[in-house]
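Work through the following exercises with the model open beside you, and try each task before reading its solution.

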Amino acid sequence: MPIPRHALTEAAARLGTPLYVYDAAELDAAAARVQAAFAGAQVFYAVKANPNLHLLRRFAAAGLGFECVSLGELARAQAAGVPVGGVILNGPAKTDAEYAAAARLGATIVVDREEEAALLPPGSRVLVRVNPGAAVSTHDHLATGAARSKFGVTPEQVLPLMERLRDEGHDVLGLHVHIGSAVEREGDFADAFARVLALRPQTGKLGVLNVGGGWLPGADLGTIAAQARQAAAAFGAELWVEPGRYLVASAGWLLTRVVGTKRTGRNFCLVDAGMTEFLRPMLYGASHPLYPLWDALASDVWDVAGPACESGDMIARGVTLPTPQRGHLLLIGEAGAYGASMSSTYLSRPRPAEALWTGSEWQPIRRRESVESLWTLEMADSESGD
Ligand SMILES: *Cc1c(COP(=O)(O)O)cnc(C)c1O
């Protein structure tokens, strides 16, 4: 943990909990690691992993482009300053408003199905997303390159779609393949790339091969990069990549406070963050490292539970912790990706604040939502005609 304990205690006192905290040096280091491993490739940050404008500006300044999947993400890209690396729009069901925004930003659009050929703005720059139908070692909800997943077209559909897009006057740059998120075996990437490479005799030379993201923090980037580079070279194509999690997961933590404990046969440590602030354990069965910021002589096995009235609202089960007490601070690690971005206001719980550690001080980068803001969009009686 690169942020000193006294700084975390101070942040909790000043900004309250639950609080997302990020380490600026680790964000920069992750971007530098990707750029070094994929030297020569264009790197697009997958905004959905963490869309905070302060992170986007930091990555844009480092030379990264943005990969967006919604109108809101395209608007964030614009608000952060469209990076020189450019913008990509992905998604299985894009709206007319998203196409129009992509066209205004000069984004490359990833075509996910045949119908899109007739829907795209005139003269779009496009990639065709191929679903390699590969086995992907991750949670079923995170596998996008398996045959049963909704993304992309089959390898057999790629050629006719490329021809149709060209006939409609679009600029077909090449192919896109993203097999999933939090992929556990590096070999899955090689397998997927091999399936895409089988198309080489039909496609001929391509301008771009975009191999997406999906790498776990700690993944062997050198191996993945070598496989990707080999595939791109076979197509005579420039290599593009779209990491999300890898860039931000290890640079973020969720700081939460112990509300209390109870022993009912199991030991429950109840904290002030749960599924509304941090959905990953409940949604994907994700397990995250926990760092208790207290010392105690005794330790025991604890289930760490959130405050929601949902049985699935557990941060972790069966973890050994020093005996917690009301007021103690618990840090949830590897929380920078798909943490804040998946937080919700379910149970009328305002979304948490976020702060960036610069190495010497805290820079608050998102205010805590107010309780009043929860109903500002709800009609007054006079407006709704009651
Ligand atoms: C989510 C997504 C990514 C990033 O995935 P990570 O697992 O966060 O690296 C990249 N490309 C596409 C198309 C995505 O949907």
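**Exercise 1.** Find which residues Tyr-284 is in contact with, leaving aside its neighbours within four places in sequence.

*Solution.* Taking contact to mean heavy atoms within 4.5 Å, and leaving aside neighbours within four places in sequence, one finds His-139, His-141, Leu-142 and Met-342 in contact with Tyr-284. This is a predicted model, in which local features need pLDDT of at least 70 and side-chain atom pairs count only at pLDDT 80 or more, while totals for chains, interfaces and linings use all residues. Residues are numbered from 1 along each chain as its sequence is written, and side-chain values use heavy atoms, with hydrogens and water left out.

**Exercise 2.** Decide whether Tyr-284 and Tyr-338 are buried or exposed.

*Solution.* Buried means under 20% relative accessible area, exposed over 50%, and partly exposed in between, with a 1.4 Å probe and protein chains only. Tyr-284 has 16% relative accessibility, so Tyr-284 counts as buried; Tyr-338, at 8%, therefore counts as buried as well.

**Exercise 3.** Identify the residues closest to the ligand, and then examine the distances from its oxygen atoms.

*Solution.* The ligand is surrounded by 16 residues (each with a heavy atom within 4 Å of it), of which the closest are Lys-48, Ser-181, Glu-242, Arg-245 and Tyr-338. An N or O atom in the side chain of Ser-181 lies 2.3 Å from a ligand oxygen atom. For the backbone, a polar atom of Gly-244 is 2.9 Å from an oxygen atom of the ligand, and one of Arg-245 is 2.7 Å from a ligand oxygen atom.

Key: A polar contact is a pair of N or O atoms within 3.5 Å; within protein, one must be able to donate a hydrogen and the other to accept it, and residues adjacent in sequence count only if both atoms are side-chain atoms.
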